[in-house]
Amino acid sequence: MTSFPLSRLRCATLAVAAWMAVLSPVEAAVLAGWDVHSLVGGTNAFGASPLAATTTSPNLTVGGLTRGSGVGTTGTAAARGWGGTDWATASAAAAVTAGDVFTFTVAASAGYKVSISGISRLDYRRSSTGPTSGVLQYQIGGAAFVDAALSFSSTASAGASVAAIDLSGVAALQNVPAGTTVTFRVVNYAASGAGGTWYLYDVANTTASDLEVSGTVSAAGPAVNGSCGTAQGLTFPRAPAVGLCTDGSTPSVMDGGNAWNWSCPGSNGGQAAACTAVNSSATGC
C-alpha cells in the first residue's frame with residue numbers, strides 16, 4: 001500500500017479547507033437584536049431610552065433604541081412592549097419635524113466592515129388610535145436619510161409582525177467601513193389620537209428578538225489610500241471623464257476656475273486623494 005508523507009497530507013487538507021471557504025457562501029447572521037420580553041409596563045413605564053440591544057455581533061458597536069423628542073411616555077404602558085404615545089402627525093415629514101421617531105445605530109469596529117442584509121424581524125403592537133403608517137429610514141454617516149414604507153394595519157392586542165425587509169440590494173449598506181455609523185430611524189405617523197400607542201412588542205411571548213437586524217461583519221483588510229489617475233496634472237478644455245483614479249472610479253469633477261478638481265476615495269478606511277488638472281478654457285492655454 002502506498003503511503004504519503006505527513007507534510008503532504010497536511011498541505012492537501014489545508015488546500016481543501018481553503019477551497020471550501022471560497023466556495024461556501026457567507027450566511028447572514030444576527031447583527032443586533034432587541035428582546036422586550038422582560039419589560040413589565042405600567043404607569044409611564046414605556047421602557048428605557050436608550051434601550052441597549054440584547055444581542056450584538058462581535059466586532060460591532062450597536063447604539064440602543066432611542067425615542068425622539070416628540071414621543072410621549074405618559075399613560076399606562078403594556079407589558080412586553082417598548083414605545084410611546086403621540087404619533088398623531090399627518091405625514092412622515094411632519095413626524096420627523098415633531099420628533100415622532102425612534103432610532104438605533106450600528107458601526108463596525110476598527111479593522112472590520114459590516115454589510116446589512118435586512119431587518120429580519122420587527123414585531124409591533126398599536127392601539128386602535130395608534131399610528132397606521134411608518135417609514136423605515138437609514139443614514140450612512142452624515143448623509144441624507146433614505147426610506148422605505150411600513151404598514152401597521154393590525155390593532156390586535158396580541159400584536160403583529162412586519163414582513164422581513166430585504167436590504168441586501170442596497171449598495172450603500174454593504175461593506176460599510178469602520179468609522180462610518182449606520183443610523184436606522186423608524187418614523188411613525190397617522191395616529192387618530194394623541195393618546196394612541198405604538199410599541200416594539202413581544203408577540204411570541206418568548207425571549208427571542210422582537211427587532212432583529214441581519215448581516216455580516218468581516219475583516220476589512222489593510223487600509224488603502226486613494227490614488228489619482230493619469231488625468232492628474234494634465235490640461236483639459238472640458239472636465240475630464242476618464243483616467244480620474246487608478247482604481248477606475250469616476251467621481252464628480254468640479255470646476256475650480258483655473259483647475260478641474262476631484263477626489264479619489266480610499267478603501268477600508270484609507271484616505272482620499274485630492275486630484276487636479278488644468279482648466280484650459282479658463283486659463284486660455
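Visitor: Hi! Before we look at the strands, what does it take for two strands to pair here?
Guide: Two strands pair if DSSP finds at least two bridges between them. Keep in mind that this is a predicted model.

Visitor: Good. Over how many bridges do β9 and β14 pair, and in which sense?
Guide: Strand β9 (residues 133-140) and strand β14 (residues 182-189) are joined by 8 bridges, in the antiparallel sense.

Visitor: Which sheet do they sit in, and in what order do the strands run?
Guide: They belong to an open sheet of 5 strands, ordered β4-β7-β14-β9-β10, with antiparallel pairing. At the edges you'll find β4 (60-67) and β10, each pairing on one side only. From one strand to the next, the twist averages 15 degrees.

Visitor: Nice. Switching to packing: which residues touch the most other members of the largest nonpolar core?
Guide: That core has 40 residues, and the ones touching the most other members are Trp-34, Leu-65, Ile-116, Ile-119 and Phe-184. Strand β8 (residues 112-126) gives the most to this core, with 5 residues.

Visitor: And what does Ile-119 touch, leaving out residues up to four places away in sequence?
Guide: Quite a list: Leu-136, Ala-164, Ile-165, Leu-167, Phe-184, Leu-211, Glu-212 and Val-213. Apart from the core of 40 residues, there is another core of 10 residues, including Leu-244, Cys-245, Ala-273 and Ala-277.

Visitor: Let's talk backbone. Where is the cis peptide bond around Pro-50?
Guide: It runs from Ser-49 to Pro-50, with omega near 5 degrees. Pro-50 is in the loop between β2 (42-43) and β3 (55-56). As background, most residues other than glycine have a negative phi, and most peptide bonds are trans.

Visitor: What about phi at Asn-44?
Guide: Asn-44 has a positive phi, near 55 degrees, and is not a glycine. This residue is also in the loop between β2 and β3. Arg-80 has a positive phi too, near 65 degrees, and lies in the loop between β5 (76-77) and β6 (81-85).

Visitor: Last one: where is Ala-158, and what is it in contact with beyond its sequence neighbours?
Guide: Ala-158 is in the loop between β10 (146-151) and β11 (160-162). Setting aside neighbours within four places in sequence, its contacts are Tyr-201 and Val-203. Ala-158 is partly exposed, at 48% relative accessible area.

Note on methods: Residues numbered from 1 in each chain as written. Predicted model: local features only at pLDDT ≥ 70, side-chain atom pairs only at ≥ 80, totals over all residues. Heavy atoms only, no water. Helix = DSSP H or I, 4+ residues; strand = E, 2+ residues; numbered from the N terminus. Buried < 20%, exposed > 50% of the residue type's maximum accessible area, 1.4 Å probe, protein only. Contact = heavy atoms within 4.5 Å. Core = buried A, V, L, I, M, F, W, Y, C linked by side-chain atoms within 4.5 Å. Axes fitted to C-alpha atoms, helices over the stretch in contact; angles between N-to-C directions.
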